[in-house]
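Please look over the sequence and the 3D view shown below before reading on.

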Amino acid sequence: MALIKKKKAKMSAMGKKLAGKHGCYKCHGEGGAGGRAVAWNTSEFASSMDSRVKIKKLILGGSHKMEGYQGKITEKELHAITIYVWTQRPK
């Protein structure tokens, strides 16, 4: 279990950097704390993005408000960003 937590923390840290690199903070605010787009640490976000699969689908396909990243990021980058965003949700 400790090994899994360590791997998750490493991927989350990588995801935080990648989210900045790929421009996520331009809309979601620094660290995903909110801006023009919903913050990742709100109950609103948590209720609509209640699984990592939904977050991955949104990142890849986008929405009417967000561009999709299909073909623009690697699977590893997608996984890392998804883990980071997931860890920002309220407990």
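## Helices and how they are counted

Helices (H or I, at least four residues) and strands (E, at least two) are runs assigned by DSSP, and they are numbered from the N terminus. By that rule the chain has 5 helices and 0 strands, so that its elements, read from the N terminus on, run α-α-α-α-α. Helix 1 covers residues 2-21, and Ser12 has its place there.

The model is predicted, and local features need a pLDDT of at least 70, side-chain atom pairs count only at pLDDT 80 or more, and totals for chains, interfaces and linings use all residues. Residues are numbered from 1 along each chain as its sequence is written, and side-chain values use heavy atoms, with hydrogens and water left out.

## The chain as a whole

The radius of gyration is taken over C-alpha atoms, and the globule rule is 2.2 Å times the number of residues to the power 0.38. Because a compact globule with 91 residues would have a radius of gyration near 12 Å, the 12 Å of this chain agrees with the rule. Along its principal axes, the C-alpha trace spans about 40 × 30 × 20 Å.

A residue is called buried under 20% relative accessible area, exposed over 50%, and partly exposed in between (1.4 Å probe, protein chains only). Of the 91 residues, 36% count as buried. Contact means heavy atoms within 4.5 Å, and among contacts between residues at least 6 apart in sequence, 53% join residues at least 24 apart.

Ser12 counts as buried because its relative accessibility is 13%. Leaving aside its neighbours within four places in sequence, Ser12 is in contact with Ile83, Tyr84 and Thr87. Tyr25, which lies in helix 2, is buried because its relative accessible area is 13%. With neighbours within four places again left aside, the contacts of Tyr25 include Lys16, Trp40 and Tyr84. The C-alpha atoms of Tyr25 and Ala39, 14 residues apart in sequence, are 9.8 Å apart in space.

Is Lys6 buried or exposed? Lys6 has its place in helix 1, and it counts as exposed because its relative accessibility is 61%. The C-alpha atoms of Lys6 and Ala46, 40 residues apart along the chain, are separated by 24 Å.

## The largest pocket

On a 1 Å grid over the protein atoms alone, a pocket is an open set of points where a 1.4 Å probe fits, with protein on both sides within 12 Å along at least five of seven lines, and lining residues have an atom within 4 Å of a point. About 680 Å³ of space lies in the largest pocket, where volume is the space filled by probe spheres set on the points.

The lining has 25 residues, and His28, Ala37, Leu58, Ser63 and Met66 lie nearest the centre of the pocket. Two or more lining residues come from each of helix 2 (24-28), helix 3 (43-48), helix 4 (52-61) and helix 5 (75-88), and helix 2 gives the most, with 4 residues.
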